[in-house]
Amino acid sequence: MMGIEPVDRRVRKTRRQLRECLITLLKEKKVQDITVRELTDMADLNRGTFYLHYKDVFDLLEKTEAELQEDFNQLVCKHDAVDLKQRPSVIFNEIYSLVMLLLPLTEEAAFSLYGIPLFDRKNRFFYVTDG
């Protein structure tokens, strides 16, 4: 059986730089207004390097969202239902840490899914929705 090869440290660093620059630019403008040149200049990378990893800015955004979702799923799956029921603050603290790590938000912004705010950064609490 073939195992999954670990991603090279340099590749992880490059992808992290691009993700962080994308997030920074998303605070200023819409994704459709962000260019690869703008991203790579900000990240101090060659455009060719960008295209080794992503097709375009939308691909970078999609993969960043998928990475966040996978990290979130792993976080939730590591807790059993009994633990979540008895100590729900544990998972919320981990979610908060994940959100702050992956999405360095401005004070005005809130983590949202489909436009529904899920997290109030100022007051540090999550909204519970039916879905």
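**Reading a predicted model**

Modeller: Of the 131 residues of the protein chain, 31% count as buried, where buried means under 20% relative accessible area, exposed over 50%, and partly exposed in between (1.4 Å probe, protein chains only). This is a predicted model, in which local features need pLDDT of at least 70 and side-chain atom pairs count only at pLDDT 80 or more, while totals for chains, interfaces and linings use all residues. Residues are numbered from 1 along each chain as its sequence is written, and side-chain values use heavy atoms, with hydrogens and water left out.

Colleague: Is Cys21 buried or exposed?

Modeller: Cys21 is buried, because its relative accessible area is 10%. Cys77, at 66% relative accessibility, counts as exposed.

Colleague: How many disulfides does the model have?

Modeller: A disulfide is a covalent bond between the sulfur atoms of two cysteines. The rule asks for a pair of cysteine sulfur atoms within 2.5 Å, and by this rule the count is zero.

Colleague: Which pattern does the protein chain follow along the sequence?

Modeller: Helices (H or I, at least four residues) and strands (E, at least two) are DSSP runs, numbered from the N terminus. The protein chain has six helices and four strands, in the order α-α-α-α-α-α-β-β-β-β.

Colleague: Where does pLDDT stay under 50?

Modeller: pLDDT is the predictor's confidence in each residue, from 0 to 100. The protein chain averages 76, and 72% of the residues score at least 70. pLDDT stays under 50 over residues 104-119 and over residues 124-131. Where pLDDT is low, the predicted coordinates should not be read in detail.

Key
Contact = heavy atoms within 4.5 Å.
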